[in-house]
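Hi,

Here is the structure I promised to pass on. Have a look, and my notes follow below.

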Amino acid sequence: MTVVAFIGLGNMGGPMAANLVKAGHRVSGFDPVPAACAAAVEAGIEVAESAAAAVAEAEVVLTMLPSGKHVLDVYSGADGLLAAAPAGALFVDCSTIAVADARAAAALVVAAGHRALDAPVSGGVVGATAGTLTLMVGALAEDLEAVRAVLEPMAGRIVHCGDPGAGQAAKICNNLILGISMIGVSEAFVLGEKLGLTHQALFDVTSTASGQCWALTTNCPVPGPVPTSPANRDYQPGFAAPLMAKDLGLAIEAAEGTGTATALGALAAGLFREFADGNGSGLDFSAIINEIRAAS
């Protein structure tokens with residue numbers, strides 16, 4: 001058994017922490033939202049009165065927070081996690097944040113006498129609940145091995161991407177592909193509708209041909225062909241449109257900082273930002289097909 005603190009018990013963090021409890025770890029947690037804390041208590045998590053109190057005895061500290069600013073803020077200061085945690089704790093940030101913020105957070109962790117890993121995840125709420133997330137880890141190899149037993153109950157796959165910051169780099173590159181491909185799949189289905197193809201016929205061809213991709217075969221943007229996709233649940237989010245807009249924004253920020261040409265990425269980022277700020281605020285990112293259909 002490992003003593004684990006989990007800061008951020010929302011849609012992703014809550015079920016991830018619950019899987020750690022099921023695996024036999026002692027988990028103390030904190031979230032500013034009372035409903036998240038109530039659900040955590042039901043899952044066997046010991047909810048503390050503050051984030052600092054949650055990490056007081058922790059060997060491993062996991063964070064799942066909205067932005068790099070949140071991570072840096074909760075780490076820092078006299079009442080921050082770095083000051084409150086026992087010496088040599090393993091800090092694992094599972095948030096999706098800018099690569100620069102991840103590297104800055106790691107530097108703070110190491111300077112405070114702890115060990116730092118970034119481990120953003122892929123798989124959405126379904127994967128968080130099932131314990132089948134892909135974890136993209138940026139860490140020293142020995143630090144990853146030291147925390148592997150804690151990560152495994154949450155993960156279907158753990159990929160060591162390189163030193164601290166590399167996990168975030170892999171995540172934003174992956175989601176750059178995903179955002180672009182979802183728009184392409186959605187445009188193809190709308191075009192197919194205009195040309196008289198049924199959704200099933202187009203899916204049967206493309207899912208076994210060169211157009212095959214995750215956005216098609218797992219998160220298909222039309223109801224029917226993939227019964228488990230959000231399109232069959234009125235686009236209730238597995239991966240919400242505002243989160244895709246955020247991740248594409250991080251990718252474009254990194255592209256601009258490195259001088260990387262990302263014409264399609266920039267276009268996708270703009271489309272998802274407009275969608276997230278409008279009709280897509282509470283929907284799965286695949287619902288962008290409705291915007292494409294409306295504009296056609």
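By contact I mean heavy atoms within 4.5 Å. On that basis, and leaving aside neighbours within four places in sequence, phenylalanine 189 touches His199, Leu202, Phe203, Leu216, Cys220, Pro221, Val222 and Ile289.

Before you go further: this is a predicted model, where local features need pLDDT of at least 70 and side-chain atom pairs count only at pLDDT 80 or more, while totals for chains, interfaces and linings use all residues. Residues are numbered from 1 along each chain as its sequence is written, and side-chain values use heavy atoms, with hydrogens and water left out.

Phe189 also turns up in the largest nonpolar core, which has 38 residues; Phe189, Met244, Leu248, Phe272 and Phe285 touch the most other members. (Such a core is a set of buried Ala, Val, Leu, Ile, Met, Phe, Trp, Tyr and Cys residues joined through side-chain atoms within 4.5 Å; buried is under 20% relative accessible area with a 1.4 Å probe, protein chains only.) Helix H9 (166-194) gives the most to this core, eight residues. Helices are DSSP runs of H or I, at least four residues, numbered from the N terminus. Apart from this core lies another, of 32 residues, including Leu9 and Leu90.

How do H9 and H13 cross? Their axes, lines fitted to C-alpha atoms over the stretch in contact, with angles from 0 to 180 degrees between N-to-C directions, come within 9 Å and cross at roughly 70 degrees. The two helices are therefore roughly perpendicular (65 to 115 degrees). Among the residues that meet there are Leu176 and Ile180 from H9, and Leu264 and Phe272 from H13.

Cheers

Terms used
Buried means under 20% relative accessible area, exposed over 50%, partly exposed in between (1.4 Å probe, protein chains only). Angles under 35 degrees count as roughly parallel, over 145 as roughly antiparallel, 65 to 115 as roughly perpendicular and the rest as oblique.
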